[in-house]
Amino acid sequence: MKVAVLGAKGRMGTEAVAAISDAKDLQLVAQLDLGDSLDQLVTSGAQVVVDFTHPDAVMKNLEFAITNGISVVVGTTGFDDAKLAKLKTLLAANPKVGALIAPNFALGAVLMMQFSEVAAKYFESVEIIELHHANKVDAPSGTAVRTAQMITDARKKNNKAKMPDATKDAIAGARGATVGDVPIHSVRSHGYVAHQEVIFGDPGETLSIRHDSINRAGFMPGVLLGVREVVKHPGLTVGLEKYMEGF
Ligand code: NAP
């Protein structure tokens, strides 16, 4: 399969270029970065484009690829409902094309979210601590927000009561930022890459589900899975778990 990488000189793009080059069943046909013409996607015969660029650039890239019949695997973040709706419209006009939007390509992180969703109905309390490198510009992380939403939906579905919390007096921020039902605590420090712990509690026991991304190479098995599967899944797919067995 012929694959192109957009954002090829970036931190994630560099890893994607290396991983695709090493994969025997994939052929890297184009490496584009800021300023390169998207026409190369067509002239190189790319069947799949991997995008690790920038939230402001990604939609233009995807529109070009999809209207030219090229499937897309997207790691770039910042997809809101409006962007997803636009993608659906583009894909409806190009029904053979697949698009995977994956907020997190680390297989362990995807499993952490799925396991948390399963655990949510069994525990009264749940909080998230996410820890990232000091250069990260957004807080909480997209993965933490998504995990909190999944846990909240599972709690609603199972009629869980409001979480116990006797706090009456607190310094602003001490109880974290709440997404849905779930407080999220964000740590930013040198020494971290991307880490998250989901802590569940009931009287007499806690359960911690923790994932650690040690380096960016850890995202690549998920990227390669996305590349291999996206051509078999026309239309829009959000979340790598949709391509994983058991979910
Ligand atoms: P990065 O190091 O800044 O790399 C982005 C690269 O894309 C840069 O080389 C940039 O060029 C280039 N670029 C910008 N606009 C472009 C365009 N229109 N066409 C082609 N290339 C363009 O960032 P990163 O750390 O690799 O992260 C990239 C994205 O992936 C971010 O949105 C990040 O949040 C996301 N991410 C996702 C996952 C996941 O698992 N889904 C994991 C990590 C990161 P310049 O430097 O010249 O601007």
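This is a predicted model: local features need pLDDT of at least 70, side-chain atom pairs count only at pLDDT 80 or more; totals for chains, interfaces and linings use all residues.

**Labels and their grounds**

Visitor: Which residues of helix 1 are buried?
Guide: Met 12, Gly 13, Ala 16, Val 17, Ala 19 and Ile 20 are buried. The label requires under 20% relative accessible area.

Visitor: What covers the buried residues of helix 1?
Guide: The cover includes strand 1 (2-6), strand 2 (27-32), strand 3 (48-51) and helix 7 (220-230).

Visitor: How do you know what span to expect of helix 6?
Guide: Helix 6 has 16 residues, for which 22 Å is expected at 1.5 Å a residue. From the first C-alpha to the last, helix 6 reaches 23 Å, close to that value.

Visitor: Which residues of helix 6 are buried, and what do they pack against?
Guide: The buried residues are Thr 143, Ala 144, Thr 147, Ala 148, Met 150, Ile 151, Thr 152, Ala 154 and Arg 155. They pack against helix 5, strand 6, strand 7 (177-179), strand 8 (182-188) and strand 9 (194-202).

Visitor: What is the phi of Asn 159, and where does Asn 159 lie?
Guide: Phi is near 50°, a positive value in a residue other than glycine. Asn 159 lies in the loop between helix 6 and strand 7, just after helix 6.

Visitor: Why does Asn 159 count as exposed?
Guide: The cut-off for exposed is over 50% relative accessible area. Asn 159 has a relative accessibility of 68%, so it counts as exposed.

Visitor: Why is Asp 80 called partly exposed?
Guide: Buried means under 20% and exposed means over 50%, with partly exposed in between. Asp 80 has 40% relative accessibility, so it falls in the middle class. Its place is in the loop between strand 4 (71-74) and helix 4 (81-92).

Visitor: Why is Leu 87 called buried?
Guide: Its relative accessible area is 0%, and the label needs a value under 20%. Leu 87, in helix 4, is therefore buried.

Visitor: Which residues does Leu 87 touch?
Guide: Not counting residues up to four places away in sequence, Leu 87 touches Met 59, Leu 62, Ile 66, Phe 79, Ile 101 and Leu 236. A touch here means heavy atoms within 4.5 Å. The C-alpha atoms of Leu 87 and Ala 65, 22 residues apart along the chain, are separated by 11 Å.

Visitor: What is the omega of the peptide bond from Ala 139 to Pro 140?
Guide: Omega is near -5°, and the bond is cis. Pro 140 lies in the loop between strand 6 and helix 6.

Visitor: How is the protein chain divided into domains?
Guide: Domain 1 takes 2-101 + 217-246, and domain 2 takes 107-214. The contact takes 7 residues from domain 1 and 6 residues from domain 2. Taken over C-alpha atoms, the centres of the two domains are separated by 29 Å.

Visitor: How do you know where the largest cavity lies?
Guide: Domain 1 and domain 2 both give residues to its lining, so the largest cavity lies between them. Helix 5 (107-119) and helix 6 (142-157) each supply at least two of the lining residues.

Visitor: What volume does the largest cavity have, and what makes up its lining?
Guide: The volume is about 80 Å³, and the structure holds 1 cavity of 30 Å³ or more. Among the lining residues are Pro 103, Asn 104, Met 113, Arg 146, Met 150 and Glu 241. The lining divides into 7 nonpolar, 2 polar and 2 charged residues.

Visitor: What lines the second largest pocket?
Guide: The lining includes Ser 125, Glu 127, Arg 155, Lys 162, Asp 165, Arg 175 and Asp 181. Strand 6 (residues 125-132) gives the most, with 3 residues. By class, the lining holds 4 nonpolar, 2 polar and 6 charged residues. The volume of this pocket is about 210 Å³.

Definitions and conventions. Residues are numbered from 1 along each chain as its sequence is written. Side-chain values use heavy atoms; hydrogens and water are left out. Buried means under 20% relative accessible area, exposed over 50%, partly exposed in between (1.4 Å probe, protein chains only). Helices (H or I, at least four residues) and strands (E, at least two) are DSSP runs, numbered from the N terminus. On a 1 Å grid over the protein atoms alone, a cavity is a set of points where a 1.4 Å probe fits but cannot get out, and a pocket is an open set with protein on both sides within 12 Å along at least five of seven lines; lining residues have an atom within 4 Å of a point. Grid points are joined across faces, edges and corners, and a volume is the space filled by probe spheres set on the points. Ala, Val, Leu, Ile, Met, Phe, Trp, Tyr, Cys and Pro count as nonpolar, Asp, Glu, Lys and Arg as charged, and the others, Gly among them, as polar. Domain bounds come from an automatic or database domain assignment. The expected span of a helix is 1.5 Å times one less than its number of residues.
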